[in-house]
Amino acid sequence: MNESWEYQSESSSEEVEQGFTIIEVMLVLAITGLMLVGVIAGTYSSIATQRYNDSVRSFSEFLREIYAEVISPQSLGEGNSDTEAVYGKIAVFGIDDGGDEDIVYTATLVGGVKPPRNTTNFIAELGSGDVKAHLFCGKEASPGVEAQSSTLDEYIPMWEAKINDTSSHTLEGTLIIARSPASGTVHTAFTTTVYDIKEDCQGASNRLQQDLQTSQSSFNTVSDVDFCIVSDNSRVVRDIRLAADGHNSSAISLIPTDGEDNKCPQK
């Protein structure tokens, strides 16, 4: 009888010794929790970085696509006729300044088919009386003429990224990528004027046509344009640079963030 009781006591003691104390359980849970926090933080950081890189890549492709369309103007669709030819596109930045999204608005640039007499530079050619370049804002149907829709389009940066200038302000201005009416060579110019094609395409077209004729010096073809891509998903600000008077997509460069050539202020 005593022997049996002693055996049971020893067995119970061994079972107690094999368990965990409350402190040990809490310690394991704390360590596991810290590990999970680290994994989750690392995963979120990786996703945020990928989203930012996607937004940078998307904007670069947006610019490359414009060059591709201007080089092959038939891809732009509406605007060609017996009396007018498609010369390029404009991209307007800063129309929605202060809004939730930095939407970029684009439209096709058209003009007369007669070769210009003024060939000083491609801006002068676009503004010449022979070309009188303007935006194609669509045409209503008329007897013998089919209706043509507006070429107004928009680009929205991915993952709510913002497009700033080198002073950390929303980029405002208009980018012109167009073929020379005289030579057919593609050229690039930038002006700080914001042509509001979103609200009034025809009014913006008239203003642009007037500026091409009388304010040619306001269109810069000798300086690079830096697009600073800013996002809450990244502490880094990438600089996408468009070379002065670029002729094709090779004018687009992604500047290293750690280089002295990066003109975009870092966070």
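## Disulfide pattern

With bonded cysteines counted along the chain, the disulfides follow the pattern 1-2, 3-4. A disulfide is here a pair of cysteine sulfur atoms within 2.5 Å, and by this rule the count comes to 2 disulfides.

This is a predicted model, in which local features need pLDDT of at least 70 and side-chain atom pairs count only at pLDDT 80 or more, while totals for chains, interfaces and linings use all residues. Residues are numbered from 1 along each chain as its sequence is written, and side-chain values use heavy atoms, with hydrogens and water left out.

## Cys137 and Cys201

Cys137 and Cys201 form a disulfide in which the sulfur atoms lie 2.0 Å apart. The torsion about their S-S bond is about -80°, so this disulfide is left-handed. The pair links distant parts of the chain, 64 residues apart, with Cys137 in the loop between β3 (134–135) and β4 (153–155) and Cys201 in helix α4 (residues 201–214). Helices (H or I, at least four residues) and strands (E, at least two) are DSSP runs, numbered from the N terminus.

Cys137 and Cys201 are both buried, a term that stands for under 20% relative accessible area, whereas exposed stands for over 50% and partly exposed for values in between (1.4 Å probe, protein chains only).

## Cys228 and Cys264

The sulfur atoms of Cys228 and Cys264 are 2.1 Å apart, and these two residues form a disulfide. Their link is left-handed, with -90° about the S-S bond. Distant parts of the chain are linked by this pair, since Cys228 is in strand β8 (residues 225–230) and Cys264 in the segment after β10 (252–255), 36 residues apart. Cys228 and Cys264 are buried.
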